[in-house]
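Dear colleague,

Please find below the structure that I promised to hand over to you. My findings follow it, and I would ask you to read them with the structure open.

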Amino acid sequence: MAFELNPEFAQDVEKHFNTLQIHAGLAPDPVTGSAALPIYASAAFEFKDAADGAGKFALTVPGNVYGRLTNTTTDSVAARLAAIEGAAGAVAVASGHAAEILALTNLVGAGDEIVASDSLYGGTWNIFLHTLGDLGVKTTFVENNDIDAFVAATTPKTKLWYVETIGNPLVDVADVPAIVEAANSLPSPVPVFVDNTFATPYIYRPADDGAAVVIESLTKWINGHGNTLGGAVIDTGKFDWKQDPDKWSTLAKPDPSYHGLVFADAAPAAPFSTRVLANKLRDFGPTLSPYAAQLIGIGIEDLSLRVQRHSDNALAVAKFLEANPKVTWVRYAGLENDPSHDTAKRLFHHDAYGGALVFGVKGGREAGLKVVDNVKLFTHLANVGDAKSLIIHPASTTHSQLTAEQLQEAHLSEDLIRLSVGIEDVDDIIADLDQAIAKA
């Protein structure tokens, strides 16, 4: 079952997602009674007849055409993601970075502008500064949660605001409701894009507070086992793209690559994700394989159990670090004295604050590197969200492409150590950190 563009889909979204839920294992198939998620290992799909093929290529008939665009396994996972995010539609793609690129280029082009929080993953900084910069898109970075700065940086050319729910690696929390309210209060409202990777929909759903588009790196906690890459563009259905057709022309005006079809009319429930699928995924091609999709689908099934355990363990680790005399500072929103605690307490669910935290030790950068070199239970690699505990020194790895000035702008100190706290026994996790810090 593919995302549809025909009028029947526009009028009956509930039926559409009920069908996808059957494939996704969220409801039993009325024919087979099965709730399993099979792998459809198909590069292309057979047409019933000439009219069926022509209709599918014209986007007037729903269904699979070619594996670069749609696949029943992959679409089923996308439906699960839309459901748990409380959104209107979703597209699952090959990685979190692919999701960012498709979502951003679905809206912006040469001459356009973006206003972004300065608390972002280093790779995302790189996308804004260089990849989009090379395409003629200007990004202005402002202090996270500085509403006045977001507003002041916005011009008639600004197409979107961009934040991370929990910043990577500073783990500060964006006040998404306040940011969305400010964006909607502009003379010409702009959509707010939220990267929700570090929170996951178990802890927070940006759609509930009016975010227009949600980005998820499925590689991280949603999959949760470090065994495949994936990303998702999630269309909340909360932004009116037709309020200014000239500004949102890619969605509200005829698309020449589809014979003048207007996505906001053809798929009014989820025009943004539908165009990502039909246009951007078609042309850029970062397809999520059905094999990877099935692994991600399995991860979704135990998401709530894992994220709660990650969060509980991370809070215990943060409290241990806070009391350790060799630790100079700790950032984790679950700590009552953390600058983001009040915001997180107000927004987050289940008394959970995520599985990532950062800290520094006496001795600065060199001592921090010694901690990384001396852990035994933690794995040193460039990922977060695995079931196992992970550690890294961002200034020398994940954010090493930033200059010293850019590191300072991103509030990323040279001594910062990032932990992705796993679901192992928390006493073992703390014991490992204790001995590594002692050696530093």
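Helices, as counted here, are DSSP runs of H or I with at least four residues, and they are numbered from the N terminus. Please note that this is a predicted model.

I begin with the protein as a whole. Its secondary structure amounts to 18 helices and 12 strands. A compact globule of 440 residues would have a radius of gyration near 22 Å, and the protein agrees with this, having 22 Å. Along the principal axes, its C-alpha atoms fill a box of roughly 70 × 50 × 35 Å. Of the 440 residues, 57% are buried. Where contacts link residues at least 6 apart in sequence, 70% of them join residues at least 24 apart. The accessible surface is about 16,700 Å², and carbon and sulfur atoms account for 53% of it.

I then turned to helix 4, which covers residues 72–85. At its start, a side-chain oxygen of Asn-71 comes to within 2.9 Å of the backbone nitrogen of Thr-73. At 1.5 Å a residue, the 14 residues of helix 4 should span 20 Å, and this agrees with the 20 Å between its end C-alpha atoms. Gly-86 follows helix 4 and has a positive phi, near 65 degrees.

How many of the 14 residues of helix 4 are buried? The count is 12, so helix 4 is largely enclosed by the rest of the structure. Among these buried residues are Asp-75, Val-77, Arg-80, Leu-81 and Glu-85.

Yours sincerely

Note on methods
Residues are numbered from 1 along each chain as its sequence is written. This is a predicted model: local features need pLDDT of at least 70, side-chain atom pairs count only at pLDDT 80 or more; totals for chains, interfaces and linings use all residues. Side-chain values use heavy atoms; hydrogens and water are left out. Helices (H or I, at least four residues) and strands (E, at least two) are DSSP runs, numbered from the N terminus. The expected span of a helix is 1.5 Å times one less than its number of residues. Buried means under 20% relative accessible area, exposed over 50%, partly exposed in between (1.4 Å probe, protein chains only). A polar contact is a pair of N or O atoms within 3.5 Å; within protein, one must be able to donate a hydrogen and the other to accept it, and residues adjacent in sequence count only if both atoms are side-chain atoms. The radius of gyration is taken over C-alpha atoms; the globule rule is 2.2 Å times the number of residues to the power 0.38. Contact means heavy atoms within 4.5 Å. Accessible areas come from the Shrake-Rupley method with a 1.4 Å probe; for residues, only the protein chains shown count as cover.
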